[in-house]
Amino acid sequence: MNINTENIEKNRMTFWEKIYLPEIARGLGLTLKRMFRQKMTRQYPEERWEPLGSYRGRPVLVEEGGKERCVACGLCSRVCPALAIEVQAAETPDDKERFPAKFEINMLRCIYCGFCEEVCPEEAIVMSKDYELVFASQESAIMNKEQLLVPIAQLQDRLEFLRRYK
Amino acid sequence: MPHIYIDGKRIETQSGKTIIEAAYDNGLYVPHFCWHPELSVAGNCRMCLVEVGLPKRLPNGEFETDSNGNIVVSYMPKLQIACATQVADGMHVRINYDKVIKAQEAVMEFFLINHPLDCPICDEAGQCKLQEYAFNHSRGESRFEETKNHKDKRIPWGPNVLFDAERCISCSRCIRFAKEIAHQDVLSFVQRGDHVTIKVQDGAKFDNNYSMNVIDICPVGALTSPDFRFKSRVWDMSFNESICMGCSRGCNIQIGVRNNEILRIEPKTNMYANKYWMCDYGRLSYYKKINGNRVISPTIKKNGVQTEVSWEEAISYAASILRKYKPSEIMFVGSGRSSTENNYALVRFAKNVAKSTNIDYYERIDQSFADNFLRTNDLNPNSAGCRSIGVMPSSEKYSLKNLPENIKNGSVKLVYIMDEDFDLDDKYIQALRNTEAIIIHSTNHSKLTEIADVVFASSYFAESEGTFINIDKRVQYFEPALITTENLHRMGMKMSRLDKFGAHNDRWTQKELRNCRPTWKVLSLLASHFSVNFNYNKAEDVFNDIAHNVGSFNGMSYRLLKKHQGIVLGKANNPDPVIHNYESHYMKPN
């Protein structure tokens, strides 16, 4: 067998590297240098990140005048590649005739693709900035209409972004 | 026979036909809204405009040709409507032609001027002719900047039809249907121009037996069903073909299912049975019975209480009861509501296993139900099936009529009832309380399931394969639309989208999965307890057995029944020709 050992010889450590102590000193030196520079980390639970309007967080329903904008057309449910959304329509005496009697998003299925928002003809479902999604059980991951409704005032950034770039 | 040329293609046709009919017979398609093959020609949508011309003739009568030898056609300067222009020998028609396409786009633009952008809330979305044409024959943008006309919404025309005036495109199909098919001439246009709308005559209601057909033929969502309204989007449902069980007409239907629940029943075109129509009773009455109050697993009576048991236990218990009685003491009751396959299995079981000839079925005759169009007086969908395979007693003494008397005098001690609940008269149930033993196959909970010793959970026609034979002796095949634990593994792509892909922790798949079986299957298992092997693995095996043994069925198979949309008894060698069915607009599979 003809094995090339040249590269292996090159990577052998030198004597000073083998005794290790100078390398520890060099590493501590680097730490010391960084200590006096600007801090890049964030103290997460106390200090939160505010995403921009383009961020795709938890999908929510837009609440306008105390009611949902949604008319339960079911397009979000149809387009959802992960089948996360379930909509059941019902009739209302209002002018818009139709409203969602049930609107559930299974957050374990959701992949945050934003198709639901893109397809919505009423601008009723948008991606929010909410990124803290922790569930204790499978059942609690299914969000109902009340949990999904967010007042329109809190969603201005996203709506502005959609109007400009959608 | 005259011939015409459509886009250069030569077509043989009959004189008197219109261009649209000639095109449709040959698989060519002219866009249209108001034309319907069963209705008179109104010609008011202007969507079917085509360019029509005849070849130029020279003074000596010969066709004029250009320098390449092609016939010179002189087209009419204005476009003609294909639905009202009759064919003439040698006529040339252009459909896919620049001038025609521009006219179609202009017509679509006019339609869409006042049509509201209601699609998200409209039930028709997904199966809408206007939506379809807006993609295929429209420019995709509107030049109309003014405000749209607003009209009334949600006007009830009758108990089963809601009208939305804004969405109406004034095709007049519903008006013509009311006049010509339903013979209740109460609809008419009122006002003119863009204020035109349709009104029911003052004091009248659009409430005939066939009123809901206008919902199907309406090319837009102007007419909707209050029963189905907003229950589901059409693309979330599965549609499987079946036969109506309302009466013995055997209307072909499509069953719309989502989450293993029937939401809608609509007619399926079969020119030999129901054409394009069905009655409101068939659409609205019995599907709720299929959805609710079902027997979902076999039960036996233990200490006076119905107790759920496994199929094996229920069948062996039933076998032990059957062994106790002499053949003449057993009465079998078939059912005109059950498939021919089930009834045949019962006849075979009675004659070969129980050695009894006491077999009959319950007749449901209601003269008040019949009318002179589709509805018949026989409320059993399969009476003809029962008769043709011999569900009848050997002597008058053991007919169903005499059952109460036979029970009283002790000549009948065990009654074996298949898919029957005697809903029209109570005297049978009163009499059955005095029998020694009752074994029943039942789909729904009823008075009978309370008193029976063994209850086998039975599949509805919507949950199994089989055939019904209608009043004209037409054998018609139906396929399952709902899933049960029995057919789950075979339904596959026939299930609705949500049913197909649901997982156990999705709330939208928490449906009732019933542990019910078709009767022929239970009977063949029961027969094996008596060392008789029926050799039935699927409904088709039973039907092939019938086709082999019963003379009038000779030569039939499920494949032929599907191809010919049903075959009349005894005419398997000479079936009705296959017709290219006209479908106005329908849900395309997703």
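1. B:F230 sits in the loop between strand 11 and strand 12 (238-243) of chain B. Its phi is near 60 degrees, which is a positive value in a residue other than glycine. Do look at the backbone there.

2. A word on confidence, as this is a predicted model. The scores are ipTM 0.86 and pTM 0.89. For chain B the mean pLDDT is 92, and 99% of the residues reach at least 70.

3. There is another positive phi to check, at B:D419, where the angle is near 45 degrees; this residue, too, is something other than glycine. B:D419 belongs to the loop that links strand 19 (414-418) to helix 12 (427-432) of chain B. Is B:D419 buried or exposed? It counts as buried, with 28 C-beta neighbours inside 10 Å.

4. Back to strand 11, this time as part of a sheet. In chain B, three strands make an open antiparallel sheet in the order 7-8-11. Strand 7 (155-158) and strand 11 (223-224) of chain B are the edge strands, each with a single partner strand, so one side of each has no neighbour in the sheet. Strand 7 of chain B pairs with strand 8 (residues 161-163) of chain B through three bridges, in the antiparallel sense. Within that pairing, B:I155 has B:F163 in strand 8 of chain B as its bridge partner.

5. The pairing around strand 21 of chain B goes both ways. Strand 15 (residues 299-302) of chain B runs antiparallel to strand 21 of chain B, and two bridges join them. Here B:T299 is opposite B:V455. Strand 20 (residues 437-442) of chain B, in contrast, runs parallel to strand 21 of chain B, with four bridges between them. B:S442 has B:A457 as its bridge partner.

6. On to the packing. The largest nonpolar core has 155 residues, and the members that touch the most others are B:C48, B:V50, B:A82, B:V333, B:F349 and B:V415. Helix 9 (residues 340-353) of chain B gives the largest share of this core, seven residues. A second, separate core holds 31 residues, including A:L61, A:I85, B:I121 and B:C122. As for B:V50, beyond its neighbours within four places in sequence, its contacts include B:I19, B:V30, B:L79, B:A82, B:V93 and B:I95. Also among them are B:Q80 and B:R94.

7. Domains next. The assignment for chain B lists domain 1 (3-96), domain 2 (118-224) and domain 3 (299-462 + 517-538). Between domain 2 of chain B and domain 3 of chain B, the C-alpha centres are 47 Å apart.

8. Last, the contact between the chains. How many residues does each chain bring to it? Chain A brings 18 residues and chain B brings twelve. On the chain B side there are six nonpolar, one polar and five charged residues.

How values were computed. Residues numbered from 1 in each chain as written. Chains lettered and ligands numbered in written order. Predicted model: local features only at pLDDT ≥ 70, side-chain atom pairs only at ≥ 80, totals over all residues. Contact = placed C-beta atoms within 7 Å. Nonpolar A, V, L, I, M, F, W, Y, C, P; charged D, E, K, R; others polar. Pairing = 2+ DSSP bridges. Domains from an automatic or database assignment. Core = buried A, V, L, I, M, F, W, Y, C linked by C-beta atoms within 7 Å. Buried ≥ 20, exposed ≤ 12 C-beta atoms within 10 Å, placed from the backbone. pLDDT = per-residue confidence, 0-100.
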